[in-house]
Amino acid sequence: MERTRKVKEYLDRAYAFKVNFDEEIAKGRIEKASELLWGVFSCYMNALRVLRTGEPAKSHAEIREVGLDLAKALGDERLEKAVKLAERCHSNFYHSFLDLEDIKECYEAIMYAVRKADELLRKMV
């Protein structure tokens, strides 16, 4: 029951990050928007990790590992690419190297990963 509650918290947080992403991108704040995309992705990966291990990730490397493990388990190269783009979004917050077109590509990839994670979560909960 505790795991289910924690998963719900992560999914609620992901939703809030997505709403904030929409607001920030509309204002042209690419760096902040990219960090919020990372937030959406990391919340979903943490939800998966909590269901699997009972504990959230303690580092970005562990979040990446969850995503890459999922991509490998599903044999999904598109998902593997999404993991890499999510990390780029996180880096962009600090280094500001992505433009709006890059963010659109990241958004599509990350939302694909979120849909895949959500499908799996629904089967597991």
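**Entry 1: the chain as a whole**

Of the 125 residues of the chain, what percentage count as buried? I looked this up and found 42%, where buried means under 20% relative accessible area, exposed over 50%, and partly exposed in between (1.4 Å probe, protein chains only).

A note to myself on what I am looking at: this is a predicted model, in which local features need pLDDT of at least 70 and side-chain atom pairs count only at pLDDT 80 or more, while totals for chains, interfaces and linings use all residues. Residues are numbered from 1 along each chain as its sequence is written, and side-chain values use heavy atoms, with hydrogens and water left out.

Next I went through the secondary structure and found five helices and zero strands. These are DSSP runs numbered from the N terminus (helices: H or I, at least four residues; strands: E, at least two). The radius of gyration is 14 Å, close to the 14 Å from the globule rule for 125 residues, so the chain is as compact as a globular protein of that length. That radius is taken over C-alpha atoms, and the rule is 2.2 Å times the number of residues to the power 0.38. I also noted a box of roughly 40 × 30 × 25 Å along the principal axes, filled by the C-alpha atoms.

**Entry 2: the core**

Which residues touch the most other members of the largest nonpolar core? I found Leu37, Phe41, Tyr44, Met45 and Ile110, in a core of 40 residues. Such a core is a set of buried Ala, Val, Leu, Ile, Met, Phe, Trp, Tyr and Cys residues joined through side-chain atoms within 4.5 Å. Two or more residues come from each of α1 (2–26), α2 (30–53), α3 (60–74), α4 and α5. Helix α2 gives the largest share, 14 residues.

I then picked out Phe41. Leaving aside neighbours within four places in sequence, Phe41 is in contact (heavy atoms within 4.5 Å) with Ile63, Val83, Ala86, Ile110 and Ala113.

Is Ser42 buried or exposed? Ser42, in helix α2, has a relative accessible area of 10%, so this serine is buried. I also checked Tyr107, 65 residues away from Ser42 along the chain: their C-alpha atoms are separated by 13 Å.

Ser96 sits in the loop between α4 (77–95) and α5 (100–124). At 42% relative accessibility, Ser96 counts as partly exposed. Most residues other than glycine have a negative phi.
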